[in-house]
Amino acid sequence: MGIYIPYPSSNHTTSVSDFVITTLTSKWPLTAKKLHYHIKSYQNCSYQGVHKALKQLLEFQVVEKVGREYFISKDWLRSTANHLKLIEQQYNKPNKAVNNTFIFNSLEEAERFKNDLHWNHLYHGGPQVLYAHVYHLRSPIINTESILKKIEKDRASNNESFIIVHGQTKLDKHCKHFYEQSGKNNVVLGKILENDCELRVMGDTITQMYLPKELISQLDEFYDSASINNLELYKLYGLFKEQHQIRITVTINKEMANLLKKQILQSFISSN
């Protein structure tokens, strides 16, 4: 899902999806019938072709639909803008490791940004292996319906993950079961974080999220006391929305990424 939006032309190599996106940048919301009417004025295409393109764009959450009308997803615009910022930094410093720092005012904002990077990697780069080290597993209990659909799609694909988790509560075990149902996700619980941050590595990109100690303690308390049969999710959502300064650093460094991957894999070897 890139932010590239071509302008209408007679070039037949431009896909119908591109024309749909281009049209929706200037006119929205539109029904499929109205989209076809606008697109066919500069590109020969069938209504069925427009409908097929819209179905694909909905699947990748590039567009959204309310009733019978379509418009571009603001989440897609935000996530692709973030991704392009990282690419721009990489090209501006071709001989150096790229390092960017982002500050957020809540765990909710930080998680949204981190997940945007994750899904962009999958959609841009195809099947990739995720390596991660976290305090507690937060999926599927905290995610929205749209994120859960992405997770289900991810689980049905060729993507594999190796996740080591500091916590080993009943709730962590419940989430571990969710992850491992696909057979391609590997999770180890009860591993102390060697660094003072949560870590995620995909390809050459390293994402580190630094949580304040107060928030970590509050999360530990929730997971320690949580009952699977009677989850008080409003408490967890409250922690996600609570005001905390959270720092995320995004580093593009092949050598460092490979080293961190090996360290995470070693945790799986030592646990067997």
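**Entry 1: aromatic residues**

I began with two phenylalanines and found that phenylalanine 104 and phenylalanine 113 are both buried. The model I am reading is a predicted one. I then asked how many aromatic pairs the structure holds. I counted four aromatic pairs. Phenylalanine 104 and phenylalanine 113 make up one of them, with the ring centres 5.1 Å apart. The planes of these two rings stand at 40° to each other, and I recorded the pair as tilted. I also noted a cluster, in which ring pairs link Phe102, Phe104 and Phe113.

I next looked up phenylalanine 222 and tyrosine 223, which form an aromatic pair at 5.8 Å centre to centre.

**Entry 2: the chain as a whole**

I turned to the totals. The protein chain has 272 residues, of which 46% count as buried. I listed 10 helices and 10 strands in the chain. For the contacts between residues at least 6 apart in sequence, I found that 75% join residues at least 24 apart.

**Entry 3: lysine 114**

I located lysine 114 in helix α5, which spans residues 107-125. Is lysine 114 buried or exposed? Its relative accessible area is 7%, so I classed lysine 114 as buried. Setting aside residues up to four places away in sequence, I found lysine 114 touching Arg138, Glu198, Arg200, Thr207, Met209 and Ile248.

**Entry 4: serine 17 and helix α1**

I placed serine 17 in helix α1, residues 16-24. Serine 17 has a relative accessible area of 11% and is therefore buried. Beyond its neighbours within four places in sequence, I found serine 17 in contact with Ala53, Gln56 and Leu57. I also checked serine 17 against histidine 51: the two are 34 residues apart in sequence, and their C-alpha atoms are 9.7 Å apart in space.

I then examined how α1 packs on α3. The axes of α1 and α3 are 9 Å apart, and the packing angle is about 80°. Because an angle of 65 to 115 degrees counts as roughly perpendicular, I described α1 and α3 as roughly perpendicular to each other. On the α1 side I listed Val16, Ser17, Val20 and Ile21 as making the contact. On the α3 side I listed Gly49, Val50, Ala53, Leu54, Gln56 and Leu57. I sorted the residues of this contact of α1 with α3 into seven nonpolar, three polar and no charged.

**Entry 5: helices α2 and α3**

I took up α2 (residues 32-39) and α3 (residues 47-59) next. At what angle do the axes of helix α2 and helix α3 cross? I read a crossing of roughly 120°, with the axes coming within 9 Å. The helices α2 and α3 are therefore oblique to each other. I noted the crossing of α2 and α3 as right-handed.

Which residues in α2 meet α3? I found Ala32, Lys33, Leu35, His36 and Ile39 in α2, and they meet Tyr47, Val50 and Leu54 in α3. I divided the residues of the contact of α2 with α3 into six nonpolar, one polar and one charged.

Notes:
Residues numbered from 1 in each chain as written. Predicted model: local features only at pLDDT ≥ 70, side-chain atom pairs only at ≥ 80, totals over all residues. Heavy atoms only, no water. Axes fitted to C-alpha atoms, helices over the stretch in contact; angles between N-to-C directions. Helix = DSSP H or I, 4+ residues; strand = E, 2+ residues; numbered from the N terminus. Parallel < 35°, antiparallel > 145°, perpendicular 65-115°, else oblique. Left-handed = near helix turned anticlockwise from the far one by under 90°. Contact = heavy atoms within 4.5 Å. Nonpolar A, V, L, I, M, F, W, Y, C, P; charged D, E, K, R; others polar. Phe/Tyr/Trp six-rings, centres within 6.5 Å; stacked < 30°, edge-to-face > 60°. Buried < 20%, exposed > 50% of the residue type's maximum accessible area, 1.4 Å probe, protein only.
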